[in-house]
Amino acid sequence: MNSTAAVARRAIATPALALVALSALVVAAPSRAAAEAVVGSPAPAFSLTDIDGKPHALADYAGKVVVLEWVNYECPFVRKHYDSGNMQQLQKSAASEGVVWLSINSSAPGKQGNYPPETWKKLVADKGAAPAAVLLDPDGKVGKAYGAKTTPHMFVVDGRGTVVYAGAIDDTPSTNVADVKTAKNLVTAAVAETRSGKPVTVASAPPYGCSVKY
Amino acid sequence: MESPAAPKRPARAALAAIALVALALAGGALAGAPASSDEPGAAGGSTAAAPASPARRVAAPHVGVELVAQDRSAAPARALRLGVRFLLEPGWHVYWKNPGDSGLAPRVRWKLPPGWTGGEIQWPVPERIAVGPLVDYGYSGDVLLPASVTPGSDAPPGGSARVAADVEWLVCREDCLPGRADLALDVPVAAGPAEPDREHAGAFAAALARLPRAASPGAITATADDRSIRVRVASPSAHSPPAGEVAFFPATPGLIDNAAPQEVVAGRDGLELVLRRSPQPQPLPARLDGVLVESSAGAGHALAVDAPLALASAPAPDAIGSAAGARPDVALSADGASFAAAIALAFAGGLLLNLMPCVFPVLSLKVLDFARQAGGDARRLRRHGVAYAAGIVLSFWILAGALLALRAAGGEIGWGFQLQSPAFVAFMALLLFALALSLLGIVDVGVAATGWAGRFAGGTGLAGSFSTGVLATVLATPCTAPFMGTALGAALVLPPVAALAVFTALAVGMAAPYVALAFAPGAVARLPRPGPWMESIKQALAFPLLATVIWLVWVRAEQGPTTAILALLSGILLVGMALWLVGRAGGAARPASRAARGAAVALAALGLAVAVAVPAPDRAGAPGDDGDALSAGSHGDWQPFSAARLESLRAAGRPVFVDFTAAWCLTCQVNERVALAAADVRRAFVARGVALLRADWTSRDPDIARALEGFGKAGVPLYVLFPSGDGDAPPEILPSLLTPRLVIEALGRLPLAGEGLASAATASGPRSRVP
């Protein structure tokens, strides 16, 4: 009798093992592909704070074409576009067309490109950058959700929230300022085609730049 | 006569000479000043407009760059190997021709005398450089990039030619600095044999040894489908998995997901590397260009890959799914009547699960405990019954949730996926062994664990019944009852809510007997009174558990190298020792001493570590590889399944029978032995000229998982009979429980061998594929 009760108790008293076994099932899971914002799929939702402390969500801009620019002012590839005034020009023409241009920085604290908001505001003013907002993603969640690999890494999202372009800003990977003039800007082309309702001819190109400092 | 002043003149001349030389050296050093400032973005360089003094070497931040020649002189029309050498500070790297996820490859632009031709850089094999979640390809330390230049045939011998290179690079540790330098070398042009420059011989030798060598023609083939690129390397000696690491470095940026693990599958005739493609839309190149590296114990060899990139003849699920009808149809048919069938099958499967040797002992003990409480409060018994059922249902929900979540995240898994993990199989074997030992009375855990057992046994004990339900579910996971596999396979292609309903039906079926007992009026009174017989029953129930352990050891043996059996059995031994220790050190009255318990825990942990230590190779060889003569269908007749093989057999006009099976699938094993191995069935296969393919899903296999999905199934068993011909006739899916007559009847619906082949021979035109 007692031993049966003990046995029953024993059988009952191994829920810890049961939990471990159940978690072993999860361990048995195969590896998953890293997340990425794939052309033709819905753009991952996000909600980030900008350098003025205001929150921005992708959903806020439903109905508009959105350009996401992963930025790090100290990266030579980004500097190529800012020192030449190219990026600022793109941002201004975007604004004039009603396209929402968001610069996003995913540098982790302590890494290159991560600044307090005050420094950001000063840098943005110094460079004359004109995005609709500069969003801060220091824990890298949005960067990783989009699969942002480099700075610059560009994504264009149409009014319905679908990614229509993902990848390099232009077709000439280099750090030479002179290349900006001769390169074909793939973001401009994608935005123009999307706004006129046409399918984007070059929907992706391998991004080039410095690594995002997660 | 020497005047006293005379000796000073040579000294003064010497001093003057020294001063001149020092000035010249200083001037040379100034000309070779650092190439770039610290300012990122400044394309600094030594002055490009200084043709007078060539700078062969330049010191830039974190890297020194040098232009070197292998030979001391060049001869007309004879290639001269040059090298651009990077000497990097520790932690800093430059990039390969495909830099990977970030970075920029170095670029060399030659400025050569007229008549000279410059060659491309020959890139040594790079390293994988991980930068957070990204992967780049590049070089660290000391790397020399060889390139050849060839003087014109009319280059005047006896002269000296200025060979210059405009080198641009990006050097990074985590942050990056671009750099640029103009390097130049004065090379004497002389006819006559080449004389190596000994100063750089070592660097050149190392660089040349690091170049990938050409593969024999046809040894490497590559196919691509939507998700992956498979690189197959034929190797005559391959049968065992490669000793070390195998990695592919693509020359085309953006083609593959650089950070994704590259799965290696070792097969009989070589190995296959599965690369995950970048999910972004990109035109596939016509050729796969890159480097395949196999390295073990520091040494490695690298093959240059330049193979035509063929599209997989139709991605596996489409080829099979299209023959079965477009996939949406298969999925849609899984609603309505099929859903009800799935629920019914799941319930039946759950009932049968109670009889499986993994679950039966625990359930029986619960019933015994129930009997012990005979005469107790009926309402209390009912509550216990409900608690037990709740434990089972909740555990199944957790399992279902995990399964659905993993599938949603892209994992190609089906029911039984947990058994494809050798670690899980080993763990379950140890757990069941431990339970069996405790049933046999080796260890009286009840006393030893008074503390926490008391919590459950005291008071209402409802938590105890709940926990028993959870435990029963855990124990059920290695065992797949008949009907269960089919039901769950169907469930996993249903929408999540419907799938959860099927799992709930399974859980309810499993809980049903005990709940029925708890609610049955008077059932309690009819149970035998407690007595010594309970001890015998308890001990006897250890044996079904031990039988399950044996079965799990067999499954593990099927999955992995034979050393895995040694490891698992050793782990079992250690766990046995651990339990014995606690049992002996403790006794009827007192719990085991802390030291004994500690030692037992350590032994058990060691046992677990040893048991799971041996990983399985990625795909076991064809089933029955070990020459098991009893294996179904005489494995000589059965070929391993692959989508390509299926296509080619069908294209040759043969009917094909595909057996999707797994070592851990009891129903599959029974079917194979009862039906597929039966003599008359085998005769019928031969008479119809049926080709036999076996898809062994014992270990993880994304191909087979996809093929199963193509039929709207997510688990085994699955039996598909493809008629010969051009694929217009749909394949027949046989039931999950086979009998020899069933198979023969299905084969009877095929044309006889002669007719089939004749009709295939007269078929004309390409087969149309339903996309």
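B:His62 is partly exposed, because 18 other C-beta atoms lie within 10 Å. The scale runs as follows: buried means 20 or more other C-beta atoms within 10 Å of a residue's own, exposed means 12 or fewer, and partly exposed lies in between, with C-beta atoms placed from the backbone. This is a predicted model, in which local features need pLDDT of at least 70 and side-chain atom pairs count only at pLDDT 80 or more, while totals for chains, interfaces and linings use all residues. Residues are numbered from 1 along each chain as its sequence is written, and chains are lettered from A and ligands numbered from 1 in the order in which they are written.

Most residues other than glycine have a negative phi, and most peptide bonds are trans. B:His62 has a positive phi although it is not a glycine. B:Ala77, also not a glycine, has a positive phi too. B:Ala77 is exposed, with 12 other C-beta atoms within 10 Å.

| Residue | Phi | Place |

Chain A has a cis peptide bond from A:Thr151 to A:Pro152, with omega near -5 degrees. A:Pro152 sits in the loop between strands S6 (150-151) and S7 (153-157) of chain A.

**A:Glu69**

A:Pro152 is also one of the contacts of A:Glu69. Contact means C-beta atoms, placed from the backbone, within 7 Å. Beyond four places in sequence, the partners of A:Glu69 also include A:Trp101, A:Ser103 and A:Met154. A:Glu69 belongs to strand S3 (residues 66-70) of chain A. This residue counts as buried because it has 26 C-beta neighbours inside 10 Å. A:Ser103 is 34 residues away along the chain, yet the two C-alpha atoms are separated by 4.7 Å.

**Chain B helices**

Chain B has 25 helices and 24 strands. Of its 771 residues, 46% are buried. Among its contacts with a separation of 6 or more, 78% join residues 24 or more positions apart.

H17(B) (residues 563-585) meets H16(B) (residues 542-559), with axes that come within 8 Å and cross at roughly 150 degrees. Axes are lines fitted to C-alpha atoms, for helices over the stretch in contact, and angles run from 0 to 180 degrees between N-to-C directions. The two helices are therefore roughly antiparallel, a label for angles over 145 degrees. From H16(B), B:Val553, B:Arg556 and B:Ala557 meet B:Ala564, B:Ile565, B:Leu568 and B:Leu569 in H17(B). By class, this contact has six nonpolar, no polar and one charged residues.

H17(B) also packs with H8(B) (residues 422-440) at about 35 degrees, with the axes 10 Å apart. Contributors include B:Phe433 and B:Leu437 of H8(B), and B:Ile572 and B:Val575 of H17(B). The residues of this contact divide into twelve nonpolar, three polar and no charged. Nonpolar covers Ala, Val, Leu, Ile, Met, Phe, Trp, Tyr, Cys and Pro; charged covers Asp, Glu, Lys and Arg; the others, Gly among them, are polar.

H23(B) (residues 702-710) is mostly covered, with seven of its nine residues buried. Among them are B:Asp703 and B:Glu709.

Terms used
Helices (H or I, at least four residues) and strands (E, at least two) are DSSP runs, numbered from the N terminus. Angles under 35 degrees count as roughly parallel, over 145 as roughly antiparallel, 65 to 115 as roughly perpendicular and the rest as oblique. Two residues are in contact if their C-beta atoms, placed from the backbone, lie within 7 Å.
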